[in-house]
Amino acid sequence: ATYYNPNLVTQQQYSLAETAADGYTAPGCLDHKGYTDYICSLPLTTPPAVFGLHDNADITKDLQESQLLLDSLLLTQSSSTTSAAVPSKPAGGRRATAVSSTGAAADAAGPAAAVAVSTVKVKSQDDVIAEVAAGILGRLPPNFDLEAAEAAYPQDYYNSMNTVLVQELGRFNALLTVVRSSLVALDQACKGLALMSSELDAVGRALFDGKVPALWLRRSFPSLKPLGGYVKELLERVAFFTDWLKQGMPSVFWISGFFFTQAFLTGAKQNYARKCKLPIDTIDFDFEVMDALPESAATGAATSGRASMVGSSYGAEAVQPPADGVYCRGLFLEGARWDSTTHELAESQPKVLFTPMPIIWMVPKDTSTFKQYPNYNCPLYKTAERRGVLSTTGHSTNFVLDIRIPTSKDPAHW
């Protein structure tokens, strides 16, 4: 049923789109001219439903085409310094001063100086790069103290999350070091105090274009965001782990904030296996959508008096951690939405491409005890790119795992 639709040959005038009015119905037995006339009668614009897609697929296609156009325009942009002539009209009869680009002043009187032209210098590429670099450097937090973190969260046989935390802090330290050192070196190169290498030049061009430098992405978590969104997300991730360090393990984990998500999930299964003295190979996650929990816990919104960043869950309404497994937030659905009334997957709303998912309880269980119910194995990715590379650890750089989500429709629909 996934590849063949029997209704196409059993039903007369079967519609390939949502309704027959869309014009895409299977024609009957016709002659050659009848088929050519039918082909000519098809609409010029093909609706996404003909291919089994939601109407929002058109928006996604348009966004991708617009992004390609903007990226192509950036390649043609000049980076040279230009000057613009700005005319100014002084009051009639009063003396006017025309300022040249060299700063020399020339006096003119009366009607002859009705229009004075001043030359305004536009910021050069180096000026823009230096300004952006200084802004990012001013917002970067210091590196984590790994020795203090290891002392506060020592290795514990029954709590693998301590090891996960220290490893994540080490990864963020490596990223922060690369970002900070490259920005400092770039600033010196722009001032002529150091050699501008090809690597620094690529970092500067990326900052000028508002993109994340490839040098950072090599040590970074996967991200498709532009420079501004990337820096904001980096600060939110650092704030999440800073709160974890200062206030203890959170009750709701921001799963999107981890560098190596698979290590976090393995740690949760390991805790359960060691607690119940079960082989970890017989354990896997079952899933329960906790849409009854407060929305602030799912979004990490602050409700207490303490200031909190978006990436932190400590300011949210108090949620007790589960006895086994972990509560996870920070997930979004693309191509579907969660219906809290029917407690199952539903079609996306028009013009809404991504919808937030409620908190998901990832429950480690013996695989033989899983409940059976109509579900869709929804793949979980770190980014919307939906593809990755198999790393040396045996894990994908993008795909995380499949999550069982209740649905009353055939899984092939999704």
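Modeller: A quick definition to begin: a salt bridge here is a Lys or Arg side-chain nitrogen within 4 Å of an Asp or Glu carboxyl oxygen. This is a predicted model, where local features need pLDDT of at least 70 and side-chain atom pairs pLDDT 80 or more, while totals for chains, interfaces and linings use all residues. Residues are numbered from 1 along each chain as its sequence is written, and side-chain values use heavy atoms, without hydrogens or water.

Colleague: Thanks! How many salt bridges does a search of the whole structure find?

Modeller: The search comes up with 16 salt bridges.

Colleague: And before we go into them, how many helices and strands does the chain have?

Modeller: There are eleven helices and 14 strands. They are DSSP runs numbered from the N terminus: helices are H or I with at least four residues, strands E with at least two.

Colleague: OK, back to the charges. What does Glu233 pair with?

Modeller: Glu233 meets Arg237 in a salt bridge, at 2.7 Å from N to O. Both sit in helix α9, and because they are four residues apart there, about one helical turn separates them.

Colleague: Is Arg237 buried or exposed?

Modeller: Arg237 is buried, with a relative accessible area of 4%. Glu233 is buried too, at 10%. Buried means under 20% relative accessible area, exposed over 50%, and partly exposed in between (1.4 Å probe, protein chains only).

Colleague: Over to helix α7, then. What does Asp201 bridge to?

Modeller: Asp201 goes to Arg205, and their closest N and O atoms are 2.4 Å apart. These two are four residues apart in helix α7, so about one helical turn lies between them. Asp201 is partly exposed at 33% relative accessible area, and Arg205 is also partly exposed, at 44%.

Colleague: Are Phe221 and Tyr230 buried or exposed?

Modeller: Phe221 is buried at 2% relative accessibility, and Tyr230 is buried at 1%. There is also an edge-to-face pair, Phe240 with Trp254, at 6.1 Å centre to centre and 80 degrees between the planes. Phe240 lies in helix α9 and Trp254 in strand β5 (residues 252-254), so this pair ties together parts 14 residues apart in sequence. Phe240 and Trp254 are both buried.

Colleague: Which residues do ring pairs link into a cluster?

Modeller: The cluster is made of Phe172, Trp216, Phe221, Tyr230, Phe240, Phe241, Trp244, Phe253, Trp254, Phe258, Phe259 and Phe264.

Colleague: Which charged residue lies over the face of Phe221?

Modeller: Arg237 does, at 3.7 Å from the ring centre. The rule is Lys NZ or Arg CZ within 6 Å of the ring centre and within 35 degrees of the ring normal. Elsewhere, Arg274 lies over the face of Tyr157, at 4.3 Å from the ring centre.

Colleague: How many residues apart in sequence are Phe241 and Leu169?

Modeller: They are 72 residues apart in sequence, yet 7.6 Å apart in space, C-alpha to C-alpha.

Colleague: Last one, for the chain as a whole: what share of the residues counts as buried?

Modeller: Of its 414 residues, 35% count as buried. As for contacts with a separation of 6 or more, 62% are between residues 24 or more positions apart.

Notes:
Contact means heavy atoms within 4.5 Å. Rings of Phe, Tyr and Trp (its six-membered ring) pair if their centres lie within 6.5 Å; planes under 30 degrees apart count as stacked, over 60 as edge-to-face and the rest as tilted.
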